[in-house]
Amino acid sequence: MSNGFFPPRPESRPAIYAYADSNPQYAGLLKVGYTTVDAKSRVAQQYPTLRPGRPPYRIVLEEPAMRNDGTVFTDRDVHRMLRVNGVKNPEGEWFQATADQVIAAIFAV
């Protein structure tokens, strides 16, 4: 219900997440994404065929993608902030970043 001052809060729980992939070609990189479901479910969708044992990824963060006023931001906003801060972005949503750098970008957005 909106009181006219603030946009209504979405029913979903939008989040920014980041994970590391164990494949050597992704060493030192984090995939930074956006989801309206939990990060574990979203990342599992990106790995439809899992090998026995541990998954080939490790989720390193999941933070709300909603500002205090109820507005939502996406991974594109966080990607832009990471690049502005000099974080290397070799391909797509993959960044040569630490979890702390991603969290800082989230708070800056």
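Residues are numbered from 1 along each chain as its sequence is written, and side-chain values use heavy atoms, with hydrogens and water left out. In this predicted model, local features need pLDDT of at least 70 and side-chain atom pairs count only at pLDDT 80 or more, whereas totals for chains, interfaces and linings use all residues.

The protein has 3 helices and 4 strands. Both kinds of element are DSSP runs numbered from the N terminus: helices are H or I with at least four residues, and strands are E with at least two. Read from the N terminus, the order is β-β-α-β-α-β-α. Of the 109 residues, 31% count as buried. Buried means under 20% relative accessible area, exposed means over 50%, and partly exposed lies in between (1.4 Å probe, protein chains only). The protein exposes about 7,200 Å², and carbon and sulfur atoms supply 51% of that area. Accessible areas come from the Shrake-Rupley method with a 1.4 Å probe; for residues, only the protein chains shown count as cover. Among contacts with a separation of 6 or more, residues 24 or more positions apart account for 62%. A contact means heavy atoms within 4.5 Å.

The strands form an open sheet with antiparallel pairing, in the order β3-β1-β2-β4. Two strands pair if DSSP finds at least two bridges between them. The edge strands are β3 and β4, each of which pairs on one side only. Strand β1 (residues 15–21) is joined to β3 by 7 bridges and to β2 by 5 bridges. Strands β2 and β4 (residues 94–95) pair over 2 bridges, again in the antiparallel sense. Here K31 has W94 of β4 as its bridge partner.

Strand β1 is largely enclosed by the rest of the structure, because 7 of its 7 residues are buried. A15, Y17, Y19 and D21 point one way from the strand. I16, A18 and A20 point the other way. Across in β2, I16 stands opposite Y34, and Y17 has G33 as its bridge partner. Strand β2 (residues 30–35) is mostly covered too, with 5 of its 6 residues buried.

Y19 illustrates the setting of β1, the strand in which it lies. Its relative accessible area is 3%, so Y19 is buried. Y19 stands opposite K31 in β2, and its bridge partner in β3 is I59. Leaving aside neighbours within four places in sequence, the contacts of Y19 include L29, V43, Y47, Y57, V60 and W94. Y19 and E62 are 43 residues apart in sequence, yet their C-alpha atoms are 9.1 Å apart in space.

The largest nonpolar core has 16 residues. A nonpolar core is a set of buried Ala, Val, Leu, Ile, Met, Phe, Trp, Tyr and Cys residues joined through side-chain atoms within 4.5 Å. Those with the most contacts inside this core are I16, V32, V78, L82, V102 and I106. β1, β2, α2 and α3 (99–108) each supply at least two residues of the core. A second, separate core of 8 residues includes Y17, L29, A39 and Y47. In soluble globular proteins, nonpolar side chains tend to be buried together.

V32 touches residues including I16, V78, L82 and V102, not counting residues up to four places away in sequence. H79 is another residue that V32 touches. H79 lies in helix α2 (residues 75–84). With a relative accessible area of 5%, H79 is buried. Beyond four places in sequence, H79 touches V32, E93 and F95. Helix α1 (residues 39–45) holds A44. At 31% relative accessibility, A44 counts as partly exposed. A44 and Y57 are 13 residues apart in sequence and 9.1 Å apart in space, C-alpha to C-alpha.

About 170 Å³ of space lies in the largest pocket. On a 1 Å grid over the protein atoms alone, a pocket is an open set of points where a 1.4 Å probe fits, with protein on both sides within 12 Å along at least five of seven lines; lining residues have an atom within 4 Å of a point. Grid points are joined across faces, edges and corners, and a volume is the space filled by probe spheres set on the points. The lining consists of E63, P64, M66, R67, N68, F73, I106, F107 and V109. The elements that give two or more residues to this lining are β3 (57–64) and α3.
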